[in-house]
Amino acid sequence: MSSDTQNAKQVVLAFFKELDSANPENVEEVLARHTSEDYQWRGCHPFNEINSLNELSTSFWQPLKQSFKRIQRRQDVLMAAQNS
């Protein structure tokens, strides 16, 4: 596996780590640091597609983090490769 792929995986893992430790008040700042302005989030119903970091933060992440104080994301697999 190329070092570019390994570096990309480290970027994703850093994002996940920071998002996991974010509190409801600063989750939008974390999203802004790790995503682009045209970031598109696709989730299950009733959230579906969200195209605004503010909306993603206020509609999904803030309520989730406020509802579950000890929520834990479990990473079983992280796959990455060149997509051509």
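Good morning. The structure is a predicted model, in which local features need pLDDT of at least 70 and side-chain atom pairs count only at pLDDT 80 or more, while totals for chains, interfaces and linings use all residues. Residues are numbered from 1 along each chain as its sequence is written, and side-chain values use heavy atoms, with hydrogens and water left out.

Let me begin with the layout. The protein chain contains three helices and two strands; here helices are DSSP runs of H or I with at least four residues, strands are DSSP runs of E with at least two, and both are numbered from the N terminus. Along the sequence, their order is α-α-β-β-α. The C-alpha atoms fill a box of roughly 40 × 25 × 25 Å, taken along the principal axes. Of the 84 residues in the chain, 23% are buried. Buried means under 20% relative accessible area, exposed means over 50%, and partly exposed lies in between, with a 1.4 Å probe and protein chains only. As for contacts (heavy atoms within 4.5 Å), residues 24 or more positions apart account for 46% of those with a separation of 6 or more.

The arc is that of the directions from the helix axis to the C-beta atoms.

Helix α2 covers residues 27–34, and its buried residues are Val27, Val30 and Leu31. They fall within an arc of 100 degrees down the axis of α2, so they too line one face of their helix. Against which elements do they pack? The buried residues of α2 pack against α1, residues 3–21, and α3, residues 53–67.

Leaving aside neighbours within four places in sequence, Ser57 contacts Val27, Glu28, Leu31, Gln62 and Pro63. Lys65 is also in α3, and its relative accessibility of 10% is why it counts as buried. With residues up to four places away not counted, Lys65 touches Leu19, Asp20, Ala22, Asn23, Pro24 and Val27. Its side chain reaches the backbone oxygen of Ala22 at 3.1 Å.

Next, the core. A nonpolar core is a set of buried Ala, Val, Leu, Ile, Met, Phe, Trp, Tyr and Cys residues joined through side-chain atoms within 4.5 Å. The largest one has 12 residues, among them Phe15, Leu31, Ile50 and Leu56. Helices α1, α2 and α3 each supply at least two residues of this core, and its largest share, four residues, comes from α3. Phe15 is in contact with Val30, Leu31, His34 and Thr35, its neighbours within four places in sequence left aside.

Finally, the aromatic rings. Rings of Phe, Tyr and Trp (its six-membered ring) pair if their centres lie within 6.5 Å; planes under 30 degrees apart count as stacked, over 60 as edge-to-face and the rest as tilted. The whole structure holds five aromatic pairs. Trp41 and Phe60 form a tilted pair, 4.7 Å centre to centre with 45 degrees between the planes. Trp41 lies in strand β1 and Phe60 in helix α3, so this pair ties together parts that are 19 residues apart in sequence. Phe60 and Trp61 form an edge-to-face pair, 5.0 Å centre to centre with 85 degrees between the planes. Trp61 is buried, with a relative accessible area of 18%. Together, Trp41, Phe47, Phe60 and Trp61 make one aromatic cluster.

Thank you for your attention.

Definitions and conventions: A polar contact is a pair of N or O atoms within 3.5 Å; within protein, one must be able to donate a hydrogen and the other to accept it, and residues adjacent in sequence count only if both atoms are side-chain atoms.
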